[in-house]
Amino acid sequence: MKITRTATLAGVSIAAMLALAACGNNAEEAAPADAMATDTSAMAPAPAASGTVVEVAQSNPDFSTLVSAVTSADLAGTLGGAGPFTVFAPTNAAFEKVPAATRDSLMAPAGKADLTKILTYHVVPGRVDAATLTQQIQAGGGSAALTTVEGGTLTARVGADGVVTLTDEKGGVSRVVQADVAASNGIIHAIDTVAMPN
């Protein structure tokens, strides 16, 4: 599976990923990382990080929108906790796909509950690296259902081009553009579209 290096996962925090999850597509439970790593030519793992997912995201300018969302939803403390967490973190480019009016509404105090729901939809309990996800996808006959912290599911598959995709509960599809960005309390996989829960 190929994963384009469109976004750097190392800079994504779990909190940021949770924020993006609130704005993004749905998918089922994750498959083993082997399915995600089918084509590693475009999916080179990022170097290990010593900070939490939130700190890693804060250090990467490609995740500035996610970090802002995590802050607005008051999730930084949660995502900075022991974990472990697997965060499918939307990049800034992913957030740009969401209409500006919708983004503004979610970031406003009145949108906090919806933002929290979207962000936590991007987080899966445990540490699911690319190899494990790939194995889960293979074991599931081509797809793996991932249960998110929000309670919904993301469905992971490997496309014909070898890229791991996530399908959200509304039918939206996001692509993993960078896998295996390490954090002290989990792992981050950057995605190109915000997943949206039901």
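**Close-up views of the protein chain**

**View 1. G162 sits in the hairpin of β4 and β5.** Five residues lie between these two strands, and G162 takes a positive phi near 85 degrees. The model is predicted: local features need pLDDT of at least 70, side-chain atom pairs count only at pLDDT 80 or more, and totals for chains, interfaces and linings use all residues. Residues are numbered from 1 along each chain as its sequence is written, and side-chain values use heavy atoms, with hydrogens and water left out. Strand β4 covers residues 153–158, and strand β5 covers residues 164–167. The two pair in the antiparallel sense over four bridges. Strands pair here if DSSP finds at least two bridges between them. Helices (H or I, at least four residues) and strands (E, at least two) are DSSP runs, numbered from the N terminus. Across this pairing, R157 stands opposite T165 in β5. T155 stands opposite T167, also in β5.

**View 2. β3 and β4 form another hairpin.** Strand β3 spans residues 144–147. β3 pairs with β4 in the antiparallel sense over four bridges. Five residues separate the two strands, and G151 in the turn has a positive phi of about 110 degrees. The bridge partner of A144 is A156 in β4. L146 stands opposite L154 in β4.

**View 3. The side chains of β3 alternate.** A144 and L146 point to one face and are buried. Buried means under 20% relative accessible area, exposed means over 50%, and partly exposed lies in between (1.4 Å probe, protein chains only).

**View 4. Seven strands make an open sheet.** Their order is β2-β1-β7-β6-β5-β4-β3, with mixed pairing. β2 (123–125) and β3 stand at the edges. Each has a single partner strand, so one side of each is left without a neighbour in the sheet. Neighbouring strands are turned by 30 degrees against each other on average, direction ignored.

**View 5. Helices α4 and α8 pack together.** α4 covers residues 64–72, and α8 covers residues 112–121. Two packed helices are described by the angle between their axes and the distance between the axes. Here the angle is about 125 degrees, and the axes are 9 Å apart. That angle makes α4 oblique to α8. Axes are lines fitted to C-alpha atoms, for helices over the stretch in contact, and angles run from 0 to 180 degrees between N-to-C directions. Angles under 35 degrees count as roughly parallel, over 145 as roughly antiparallel, 65 to 115 as roughly perpendicular, and the rest as oblique. α4 passes α8 in a left-handed crossing; the near helix is turned anticlockwise from the far one by less than a right angle, whereas clockwise would be right-handed. From α4, the contact uses L66, A69, V70 and S72. From α8, K112, L115 and L119 take part. Contact means heavy atoms within 4.5 Å.

**View 6. R103 is a buried residue of helix α7.** This helix covers residues 100–107. Is R103 buried or exposed? With 19% relative accessibility, R103 counts as buried. R103 touches F95, E96 and V98, not counting residues up to four places away in sequence.

**View 7. D180 and D74 both have a positive phi.** Most residues other than glycine have a negative phi, and most peptide bonds are trans. D180 has a phi near 60 degrees. D180 is found in strand β6 (residues 173–183) and is buried, with a relative accessible area of 17%. D180 and A130 are 50 residues apart in sequence and 6.3 Å apart in space, C-alpha to C-alpha. D74 has a phi near 55 degrees. D74 lies in the loop between α4 and α5 and counts as exposed, at 54% relative accessibility.

**View 8. The peptide bond from G83 to P84 is cis.** Its omega is near 5 degrees. P84 has its place in the loop between α5 (76–79) and β1 (85–90).

**View 9. The whole chain has nine helices and seven strands.** Of its 198 residues, 55% count as buried. Among contacts with a separation of 6 or more, 82% join residues 24 or more positions apart.
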